[in-house]
Amino acid sequence: MSYCVNCGVELEASLKECPLCRTPVINPRELSKETPPSPYPTDKGQVEVVKRKDLGILITVVLTATGVTCLLLNLLVFNAHLWSVLVIGCCLCLFVFTFPAVYYSRTPIWLTLLADGVSVMIYLFLITFVTTSAAWFWQVGLPVVIILTLFAELFLLLAKLVPLGVLSCALCLFVEIPAFCVALEILLRHLLERPFRITWSAVVLTVCVIIDFALITILAKKRLRNEVRRRLHL
């Protein structure tokens with residue numbers, strides 16, 4: 001038999017509070033069984049997801065406003081150099097780079113890579129307006145971007161035609177890297193009017209050729225290939 005600690009009324013065992021004074025009835029033996037209430041709210045709040053269209057409008061407005069205001073500031077205030085073309089070029093590149101993710105996610109990858117390369121070419125061309133000579137653009141800048149774009153498209157084509165694993169992708173990269181380095185050194189020597197020869201790119205070429213032969217051997221031997229994949233968790 002139990003009694004209310006406040007008014008002394010006799011209580012039934014099933015009561016949760018005193019029927020007279022409404023004092024809560026607590027059984028000391030059951031305190032350990034009760035789960036303390038959480039100090040944090042139990043209702044989970046949810047923030048509305050930003051729509052891709054709204055995000056695209058925001059990015060377009062910000063980039064356009066940045067380019068236009070910098071152009072006006074360049075023409076009306078700081079007009080010693082045409083520096084605003086650099087900002088406009090950056091805004092153009094950011095717009096092209098974010099287009100597949102924000103504006104149209106179904107853009108083919110090869111078209112995205114091509115658009116990225118063209119935007120970089122345009123940006124480098126705009127830089128010629130603030131330099132004393134445009135020879136670096138036509139002899140180095142433009143060819144380098146074209147080569148990189150072609151290499152990226154070639155890698156994408158191989159990945160589409162042939163299922164490439166990690167080792168196969170590494171082989172393709174170590175074939176393209178020395179080819180790019182050799183082409184870059186040739187272009188730089190042509191720009192600087194130096195004799196045709198390869199120096200630092202020959203070191204890169206040698207190292208990559210060794211790695212390529214090792215990768216080809218691993219890919220050709222099934223047991224060796226499986227062992228490498230197992231040990232590297234590929």
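Predicted model: local features only at pLDDT ≥ 70, side-chain atom pairs only at ≥ 80, totals over all residues.
Residues are numbered from 1 along each chain as its sequence is written, and side-chain values use heavy atoms, with hydrogens and water left out.

The secondary structure of the chain consists of seven helices and two strands, where helices (H or I, at least four residues) and strands (E, at least two) are DSSP runs numbered from the N terminus. Read from the N terminus, the order of the elements is β-β-α-α-α-α-α-α-α. Of the 234 residues in the chain, 26% are buried; here buried means under 20% relative accessible area, exposed over 50%, and partly exposed in between, with a 1.4 Å probe and protein chains only. Among contacts (heavy atoms within 4.5 Å) between residues at least 6 apart in sequence, 49% join residues at least 24 apart.

Helix 2 (residues 84-103) has a kink of about 40° at Phe 97, shortly before the proline Pro 100, the bend at a residue being the angle between axes fitted to the seven residues ending there and the seven starting there. The buried residues of helix 2 include Gly 89, Cys 91, Cys 93, Val 96 and Pro 100, and the buried residues of this helix pack against helix 1 (52-76) and helix 3.

Two packed helices are described by the angle between their axes and the distance between the axes. Helix 3 (residues 109-127) and helix 4 (residues 135-161) pack at an angle of about 170°, and their axes are 10 Å apart; axes are lines fitted to C-alpha atoms, for helices over the stretch in contact, and angles run from 0 to 180 degrees between N-to-C directions. Helix 3 is therefore roughly antiparallel to helix 4, a description applied to angles over 145 degrees, while those under 35 count as roughly parallel, 65 to 115 as roughly perpendicular and the rest as oblique. The residues of this contact divide into 17 nonpolar, three polar and one charged, with Ala, Val, Leu, Ile, Met, Phe, Trp, Tyr, Cys and Pro counted as nonpolar, Asp, Glu, Lys and Arg as charged, and the others, Gly among them, as polar.

Ala 135 and Leu 191 are 56 residues apart in sequence, yet their C-alpha atoms are 7.6 Å apart in space. Leaving aside neighbours within four places in sequence, Ala 135 is in contact with Val 140 and Leu 191.

The structure holds zero disulfides, a disulfide being a pair of cysteine sulfur atoms within 2.5 Å. The cysteine sulfur closest to that of Cys 70 belongs to Cys 91 and is 6.9 Å away, too far for a bond. Cys 172 is likewise in no disulfide, the nearest cysteine sulfur, that of Cys 169, being 6.4 Å away. Cys 70 is buried at a relative accessible area of 16%, and Cys 172 is buried at 14%.

In the loop between helix 5 (166-191) and helix 6 (200-220) is Glu 193, which has a positive phi of about 60° although it is not a glycine. Glu 193 is exposed, with a relative accessible area of 73%.
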